[in-house]
Every structure is written in structure tokens, then in C-alpha cells.
Amino acid sequence: MCRIGVVVTVFNQEKFIEHCLNSILQQTYKEIELVVVDDGSTDASGVICDRVARGDSRITVLHQQNQGPIIARLHGVELVTAEYVTFVDGDDWLDEMLYQDMVAKNVLGQADIVAYGMIRYRGEQDMYQEPCIFEEGIYSKEEINNKIIPKLFWDFDKCTYGLDPSLCSKFFRREQLEKHLRNIRTLNIHYGEDIALLYPLFLECDSIIVIGKCYYYHRIRKNNILPSYYKDEQYYHKLYILYRHLFDVFSSSEFREPLLKQLDYFYMYSIRLGKIKYGDLVFEERYMFPFDKVDKNSRLVIYGAGQVGQTFYSQLKRLQYCNVAGWVDRDYKLYRKDGIQGIESIQNMEYDYILVAVYGKEVAVGIRMNLMKMGIDAAKIITL
């Protein structure tokens with residue numbers, strides 16, 4: 001019977017870690033080897049992990065001084081004996097059928113990497129699915145080269161990652177994984193540590209299996225709180241360290257030209273992201289405003305201050321096509337310019353339409369449903 005190795009890294013997540021661990025231990029498939037790495041927590045996280053471990057022999061808890069996620073994951077993988085390993089972050093959790101489905105589908109043992117989708121969770125009434133962009137199925141080495149590598153690191157049509165870089169939505173062969181964790185153990189980075197491991201490892205894969213279903217719940221905590229790596233004074237320095245590491249890896253690949261182009265686009269994207277810490281807008285024009293769906297001179301509320309929303313706002317401000325009656329975003333406090341407000345402020349606005357300015361059908365559908373639950377007329381909600 002196949003045993004699954006699971007590594008959970010924990011740093012000051014006392015509010016969520018027990019839920020996380022229980023979602024693993026309560027999987028319908030029981031052949032689990034769980035290693036929990038408490039990476040120097042200063043709250044009660046370590047105590048909670050020890051208490052849960054006393055009740056289940058499948059858990060090993062390692063306490064260490066804080067060394068960051070790369071080293072924490074490496075130390076966890078070093079303690080695993082199972083052939084396949086997967087990760088869970090200490091504030092996230094799993095669908096209870098994840099491991100059972102993987103075994104039933106007989107995917108473990110057939111591929112070097114098995115990838116599946118994630119569910120972005122803000123609350124019971126605010127979550128959406130993000131399946132893998134690649135079609136479900138088994139990809140041979142030739143199919144990987146022809147179908148995935150051309151947009152592995154960067155999808156030029158969507159202006160974002162191709163294969164989602166999260167390590168938590170994948171299973172890996174332990175030996176390959178440990179090798180690549182060791183390769184990056186000296187990288188002093190936080191932003192992009194998953195990327196530093198995943199894409200170089202991927203180039204060695206002979207096969208990958210993509211599962212269409214979303215099993216992993218990624219908790220998006222505390223609206224409007226800027227991630228710590230954006231606040232880091234060395235953000236750009238560490239970003240360059242990541243860039244140089246990947247540049248060196250890709251330069252020796254047979255796919256050097258397309259991968260280096262993808263890397264450059266990712267790098268330019270990440271440079272712009274650094275402006276967030278100043279409360280500034282990040283993205284330049286990239287999307288065309290849907291003039292065919294919005295009447296000229298109408299009163300419009302823009303929902304979304306990300307890439308799409310910033311582009312639309314810039315176009316409308318320049319062309320004066322219609323009146324922007326409001327601009328809202330769930331993370332409005334990250335932006336201190338142009339009067340971006342919270343979602344609840346829509347109730348006090350006078351408008352003809354609300355334009356959901358986000359990329360991705362699943363995300364837009366979820367937002368539309370939430371707006372309708374707020375009592376907003378569906379006829380006034382426009383999606384792309």
C-alpha cells in the first residue's frame with residue numbers, strides 16, 4: 001500500500017495549525033507519514049503541534065530555530081521515508097478526499113510530479129477555485145516539452161504564471177525534491193522560494209500528471225495586510241538573487257531561449273510589484289476596456305484594483321468614456337491613491353453598472369455571486 005509523506009511547516013500559526021493538522025490526520029486514506037517542522041515559533045504553535053502528535057503515532061514534530069521556509073522544508077523532507085512527498089502550510093487545510101483520490105486514481109508512482117488545483121479562501125461566502133491551467137491528463141516528456149514548457153514559467157496570454165508555483169498543490173518524488181531543496185538551501189529569499197525549487201525541478205521530470213479538481217484550501221488571512229516580503233528593504237536585492245539563480249539554471253537548459261524570456265517577464269512583473277509597499281498602483285495598460293458592454297457616459301463602479309482594474313481605470317481616466325462612480329477592492333488598504341474603497345462602500349454609491357475587473361472566469365463568477373448576495377441587481381453586474 002502506498003504511503004504518503006506530508007511536510008507541514010509552521011511559524012506562529014497558533015490560530016490555524018490544529019485545523020491544518022486535523023485535515024491531514026482525518027483524511028479518508030490513512031497511510032500517512034506526517035512531519036511537522038516548527039520553525040522557531042514564538043507563540044503556542046509548537047505546544048499545539050506536540051499535543052496533537054501525542055495522540056497520533058503518524059506524526060513527528062521537529063522544533064528548530066527560525067531558519068525560513070526553504071530550510072524548514074528541507075529538514076522536513078529529510079525525515080520522510082515515503083517515496084512521494086507533499087507540503088501543507090500551517091494555516092491551510094485539505095479536502096478530506098485528497099489522498100484517497102490520488103491513490104484511487106493510481107497516479108502516485110506514474111509521474112515525477114502530480115499537480116492539482118487550489119481553493120482561495122477568505123471566508124465561507126468568499127472563496128473561489130483555481131484549477132491548473134493545463135488540461136487534466138498524463139504528460140509524457142515530449143508533451144511536457146511541447147505543451148507545458150512554452151508557458152511553464154510565464155503565460156504571455158494571461159500575463160501570469162503558467163504552472164502555479166505553489167509546492168503545496170503537488171506531489172513530488174522525494175529524492176528529486178530533496179536534491180533541489182539542497183540546491184537552494186543557501187538562497188536568502190522569501191518571495192519566490194517555491195519558484196526557485198519548482199521550475200528547475202520540473203526540467204528534470206519525465207512525466208507529470210495534472211488533476212482537474214481543486215483539493216487544497218489556501219487561507220488568505222487578514223484582508224489589507226501587506227505580505228512581509230514586500231516590506232523588506234532588501235526586496236529588490238533578494239529578487240535579483242532569485243533571478244540570477246534561475247538565469248544560471250535556464251542558461252544550461254535545451255530550452256534556454258523560451259525560458260529566459262519567461263524569466264525576464266516574471267522579473268519585470270515582480271519589479272513592479274515592489275511599488276505596492278508605497279501604496280502605489282503597480283500595473284500599466286495590458287487589457288482593453290469592454291466598451292461593448294458599458295454605455296458611454298454611464299456611471300460605473302470598478303470592482304478590482306489589480307492588473308485588470310488598474311488598466312481599465314487608466315483608460316477611462318484618459319478617454320473620459322464614462323463616469324467612474326467608485327473603485328472598490330477587498331484589499332483596498334494596500335492602495336492609498338485614487339480613492340479605492342472597500343467592497344461594502346458599494347451600498348452607498350450611485351451607479352448604472354458594476355464592472356468586475358478581474359482575470360479568470362472562476363474568480364469573476366464568485367465575485368458576481370457575492371455581489372448578488374449583497375442585494376445588487378444581477379443586470380447591473382458586468383463580467384469580462
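Here is a short walk through the structure, from the whole chain down to single residues.

Before setting off, please keep in mind that this is a predicted model, in which local features need pLDDT of at least 70 and side-chain atom pairs count only at pLDDT 80 or more, while totals for chains, interfaces and linings use all residues. Residues are numbered from 1 along each chain as its sequence is written, and side-chain values use heavy atoms, with hydrogens and water left out.

Let us begin with the protein chain as a whole. The protein chain has 12 helices and 14 strands. Helices here are DSSP runs of H or I with at least four residues, strands are runs of E with at least two, and both are numbered from the N terminus. With a radius of gyration of 22 Å, close to the 21 Å that the globule rule gives for 384 residues, the protein chain is as compact as a globular protein of that length. The radius is taken over C-alpha atoms, and the globule rule is 2.2 Å times the number of residues to the power 0.38. Along its principal axes, the C-alpha trace spans about 65 × 50 × 45 Å.

How much of the protein chain is buried? Buried residues make up 56% of the 384 residues, where buried means under 20% relative accessible area, exposed means over 50%, and partly exposed is in between (1.4 Å probe, protein chains only). Now think about contacts, meaning heavy atoms within 4.5 Å. Among contacts between residues at least 6 apart in sequence, 78% join residues at least 24 apart.

Next, find helix α7, residues 193-202. Of its 10 residues, 10 are buried, so α7 is largely enclosed by the rest of the structure. Among these buried residues are E193, D194 and F202.

Two packed helices are described by the angle between their axes and the distance between the axes. The axes are lines fitted to C-alpha atoms, for helices over the stretch in contact, and the angles run from 0 to 180 degrees between N-to-C directions. One partner of α7 is helix α9, residues 235-251, which packs against α7 at an angle of about 5 degrees, with the axes 10 Å apart. The two helices are therefore roughly parallel to each other. Angles under 35 degrees count as roughly parallel, over 145 as roughly antiparallel, 65 to 115 as roughly perpendicular and the rest as oblique. In this contact, I195, A196, Y199 and P200 of α7 meet L242, H245, L246, V249 and F250 of α9. By class there are 8 nonpolar residues, 1 polar and no charged. Ala, Val, Leu, Ile, Met, Phe, Trp, Tyr, Cys and Pro count as nonpolar, Asp, Glu, Lys and Arg as charged, and the others, Gly among them, as polar.

Helix α6, residues 174-183, also packs with α7, at an angle of about 130 degrees and with the axes 9 Å apart. That makes α6 oblique to α7. Here Q176, L177, H180 and L181 in α6 meet L197, P200 and L201 in α7. The residues of this contact divide into 5 nonpolar, 2 polar and no charged.

Now move along to helix α10, residues 256-273, where you will find S270. S270 is buried, with a relative accessible area of 0%. Leaving aside neighbours within four places in sequence, S270 is in contact with Y191, Y235 and L239. In the loop between α10 and β11 sits G274, which is buried too, at 1% relative accessible area. G274 and Y230 are 44 residues apart in sequence, yet their C-alpha atoms are 6.1 Å apart in space.

Finally, look at the backbone angle phi. Most residues other than glycine have a negative phi. Which way does phi go in N12, positive or negative? N12 has a positive phi of about 55 degrees although it is not a glycine. N12 lies in the loop between β1 and α1 and is partly exposed, with a relative accessible area of 26%. Q320 has a positive phi as well, near 50 degrees. Q320 belongs to the loop between α11 and β12, and is exposed at 64% relative accessible area.
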